[in-house]
Every structure is written in C-alpha cells, then in structure tokens.
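User: Hi! Could you walk me through this model when you have a minute?
Analyst: Happy to, here it is.
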Amino acid sequence: MVFRGDDPHSEAAGPTIGGSGALVELAEDDALPGAVGGLDSSDVVVGEREGKPLTQWKLFWRRFFRHKLAVISALVLLLLVGMALFAPAVTRFEPTAQDLRNIRQQPDGTHWFGTDNLGRDQFSRVIYAGRISLKIGATVALISTLIGTTLGAIAGYVGKWVDQLLMRITDLFLVMPGLAILMVANVKFRGQEIFGFRVSTDNLAILILSFVFWMTIARVVRGLILSLKEKEFVEAARASGASTFRIITRHVLPNCVGPIAVNATLVVGLAILTESALSFLGFGVQPPDVSWGYLVADARGTAGTDYAYMIYFPGLAILLTVLSINFLGDGLRDAFDPQSHH
Amino acid sequence: MLAYVARRILISIPVIVIASVLLFWFVSVSTDPTARLRLSRDPTLVDRERERLGLNDPLHVQYGNWAKDFVRGDWGESYISRRDVSTEIRTALWNTTQLILWAIFLCAIVSIFIGVYSAVRQYSALDYTFTTASFIGLSMPPFFFGLLAIHFLTTELRLLLGWDQPLFYSVGMHSATDKGFIDFLRHLALPVLTLSVQLVAGWSRYQRAAMLDVMSSDYIRTARAKGLPRRKVIFKHGLRNALIPLTTVMAIDIGALFGGLIVTETIFAWPGMGRLFVQALLQGDTAIVLPWMIVVAGFIIVFNLLADVLYGVLDPRIRY
C-alpha cells in the first residue's frame, strides 16, 4: 500500500507509484454523501448577518461542519483516542489478566467482546491495542510530514540541482518494494540496540514506517512551493531583506498548511493499515506490545469456527479508525480548498 | 513518439542500477546468510562459508560479482530447498501472475461499470452507495477481509449448502486429488475477491472522476446537440476518452501488485511471490531476499514506464 499523491497542485511529473491505496484520487472530484449541497455559492459569502467579515479559520470551520460524514468521523476518532488514553478507566479487566475458568466466552454483558483462549477480556485487549496502533499511526504521520515537508520545501525553493537530486531520491524510494523492506528491517533490528537505545517493538515500527510515507508529502510541498515562490508577497519579503529560511518558514509554508494537513491525515490511515499488516505477518509489534493487527493475527485460527468474534472486533477497530480518518481527510480537503469539488 | 519511448527506457536504466545498488547494500547490512550456521559444532564452518560466499570482500567488490552473476542469470541457490533462486522466483511469479490476471480482468470490468454509472447518474442513491463502499474498501485491511471471506464464504457457506466440501477453498491453488480447471477456480475465487476489494475501490473512483471530467467537455455537448442517441454519447464519445487515465493508473497499480500481495497470498497459502518472500524471511533463506526485491522493483519500474508510454499512445494530444 503505497501512498499516491496526485494533488492538483503537485507537478504532473508523470504517474507516481501506487499500490492499491489510491486514496488521494478520491480527492479530485468526489462528493461524499455528507458533503452534498454543502459547497454551493453561499460558501464564499462573507458573514453578512453581522456585517463583519469572517476570518479564514471561521470560513474553514463553517465549510468543515457542512461535511457531515467528516464531522461524525472526527467524533468517532475523538472517542477512539479518548478510550485509548483513558483505557484503565474504560475497561473493567486488565488486558493481560487471564481467567482460565472463562476462556472463549462469547460476547455478553460482562465481556463485551468476549474472552480469548486464555480468558483475557477482548474488549480490554482491543482498547489497549488501540493505544499502540493509534500511537504508531499518529507518530509516523508526524515524522513523515516533517521529513516530507522539509525535503519538499528545500527542493522547491532552492531548485536547480538540489531539486533534481531530491526528486530523484524521492522517485527511487517510490519504486522500492516498501512492505518487503519494512519486513527485512524489522527482522534486522528486532531486539537490537539502535544508537545505544533499547527500542521496544512499537517504537521500532514507528522508526521504520517513517521511512516509507514521506515521498508524497515531499512532492506535494515541492509543487506548491514552486508556484508560491514566484508570487509577489515572496518577492516583497525578499526585497525587504528576509532570509531564505525566514521566507520559507514564515511566508511560504503557512500557505501550504491545507494540502500538508490533508496528506498527513491520510498518512495516519496508511500507517495504521501498514503497521497492522506487518504485525499480522509477524514482522511488526511483538508481545508485550500488542496492536490491532497483532490481535487479528492472534485470532486468525478462529476463522471458520464459532469463535470468529475474536477476529471481528480488532478488525473492525482498524476498519472504523481508517475509514474515519479517510472521511476526515476528505472533509479537511473540502474545507481547505472549496474549489476542489465543483 | 519512438524517440520519447527510447528516451524513457534510457532514463529507466540508471534507475534500475541505482535501485539495485541500494537494495544490495540494504540486504547486505540487514541479513546474514551464515546466521543459520551459528549453531553448528564446527567452529570454522561460519568462516569457511563467509569466505566461500565472498562476504569478506569489500562491499563494492561483492556488488560487482553479484551483479555479474545476476545479469548472467545465476541468481544463487536457495538455502532451504536447494533449488535455483531463479527457478523459485519464476514459479512463484507465474502463480502470482495468474492471480493478478484474473483480478485485473474482473476489476477492470466492474470498476468501469461503477465509474460510468456513478458519473452519468451523479448524486443518485447508487452513486452514494458506491462512493461509501469505495471508502470502506480503501480502509479495509486485506487480512481482515480475507479472514472474513474464509469464515463466511468457505465455512459458513458450506454449512448453509450442507455440502461435504466448501464451494470456495481457502488454501493453496489446487486440491491434492483434483487438478482440474473448476477446482482451480474454486481456489482462485477468494484471493481474487480479497485483492479486488481495494482495486475496485480505487479504480472505480478514478473512472468516475475521469468520466465526469469528460462528460462536461465541449465535444460531449456537441455530440448531444447534434442529436446523437444518449447511449452513443456516453459510450462512444464519453467512455472511450475517459478510459485513458484509468489505463495508466491500472498499469502503475499492476506493477506494484507483483510484490504487493504479501498479505493476501499468506492468508490463502497461494504459492506466489508474496508467500515466497514471507517463507524465505521466516526460514532465514536470505538467498531469496535480494533477487526477489530486484525483480519486484523491476516490475514497478517497467510498469511505470509502460504507463507513461501508454498515455502517449492513447492520447494523441500528448506531445513529447
């Protein structure tokens, strides 16, 4: 699942690599059920009721709240994150507490998601696994965005051979077999010290996953900056003696917030999906760290038996999270760029 | 046109070479072909093996030797099966290719149908259904869908039908006793279905966007204005042009599939590239790892090239 970013702003440098995750295509022209009719001419109207103009952010929120599915998704995500953060308060059982008299209980009032083959409460396991899955998704997106934005900004602003070099490196990363490399890296670094630190398996997953999702953001930011740097306000800043660093960080990058935020959101979903696939294959997090992908892998033997509920709940947790993130990304895109849809 | 194709092929060669250097370096530092010998009682065995494999040479010498052998077709020998790596990969590649061929055939038809319908009946109830379904498809972890398919379409369906054997098998390519075509299809169905979820979700969105774009263009309005039947406008004037972007996306996606089915093939024990790689890693058969990665990267590069060229061939407005 490679990330493809054909952002309308990015350069049309031929097709980019994409596995099956054609997430960004959704962006181009789609309206979602919740978004229907939301973006009409009233969008550009400046708050006439009060007679005073709305700020950019107020307009942003107004457009965002019209995208019903995105708003619902944001609430779902808040709920999931909240449950993960306050896991001890939400769950009635320890995730690791075994109860051998109550193994393989079907879901009921006591054990909402049932119990596993050691009598551990599945609900508690799923909530605690969510801590790791969500942490990995969010951190990987953050690091990838930082790497991608930095490289993209340098390539776009400096131009010339620096641009050529950075973009060829980006292309190279895009033709690499990503998942396979992550698996080899996991085997290599598992249980080893990196720079003198003992790295737990979830942090290892964060480290190696951060290397494969920065390329799209780098391309998008580069494309944006290529067009922005010719604008008058940048010229004015340069004329008044601002340094390159200051121009990039204070004048150019703030204008790229929208596309960067949208892509970062989508990377959260991709990172969670990829991490869960790695953990499912046995090349991701290892006990005592447990993620949703690991829980599904742990329960895979129950497919075709009466205990298949063991698969449903962690699997649905991944599906629900990634789905919400994708809807949220769609809503953000609409809110940042009202022209993108119509 | 020909000059453009030639130029694109020439640009691809250094990309393949540099990719192979990086992959060689990565695999060299990440894997240890002698790891499986560490438990041997013979203390000199590891050293002798390292010498035999040339692991004590400087890395660039190792790369040179390896590249020479690789180009000649000598890809080494699997540590586990003792068969040629090239044979192993060729077999696995063919099995994966069968999966991919059936899937793209199916997915292309379904995606085009959904895409055209959604564009022509934009904002209809079915359009919303397809849109939501595609979001779900893109958010679906393949292993989750695969396990659900095994649960419901193998076991539950068998119980429902009251048969001794399931209608769809979930392990391997053939039954031990039956090697017929029908038996093959019964093995093929679930992996293809699992693979199709994401492909259809992505491609149908793409086709919808392309179709919407085309249908709002001037020549479609002209075609309508001169009184052509609706069917002819949609399929002859609209669809034919709206297929161009999808073709290139399909080429790119297909290139990524050859090494991208690791999860799907693992779940259904399909003896293809993905399963070969997982087995090799789990068994410490590092001889497979590098050639596998080179082949997979090669497919990605070649299919990207194909996408670029196709775009030019199909759309004569593109000038080079």
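Analyst: Below we go through chain A, its interface with chain B, and a helix of chain B.
Analyst: This is a predicted model, where local features need pLDDT of at least 70, side-chain atom pairs count only at pLDDT 80 or more, and totals for chains, interfaces and linings use all residues. Residues are numbered from 1 along each chain as its sequence is written, with chains lettered from A and ligands numbered from 1 in the order in which they are written.

User: Thanks! How many helices and strands are in chain A?
Analyst: Chain A has 14 helices and 2 strands (DSSP runs: H or I of at least four residues, E of at least two, numbered from the N terminus).

User: And which residues of chain A touch chain B, by class?
Analyst: In total, 49 residues of chain A are in contact with 53 of chain B (C-beta atoms, placed from the backbone, within 7 Å). The chain A side has 33 nonpolar, 10 polar and 6 charged residues (Ala, Val, Leu, Ile, Met, Phe, Trp, Tyr, Cys and Pro are nonpolar, Asp, Glu, Lys and Arg charged, the others, Gly among them, polar).

User: Switching to chain B: where is the kink in α7(B)?
Analyst: At Leu188(B), shortly before the proline Pro191(B), and it is about 35° (the angle between axes fitted to the seven residues ending there and the seven starting there).

User: Is that helix mostly covered or exposed?
Analyst: Mostly covered: 25 of the 35 residues of α7(B) are buried (20 or more other C-beta atoms within 10 Å of their own, with C-beta atoms placed from the backbone).

Conventions: Two residues are in contact if their C-beta atoms, placed from the backbone, lie within 7 Å. A residue is buried if 20 or more other C-beta atoms lie within 10 Å of its own, exposed if 12 or fewer, and partly exposed in between; C-beta atoms are placed from the backbone.
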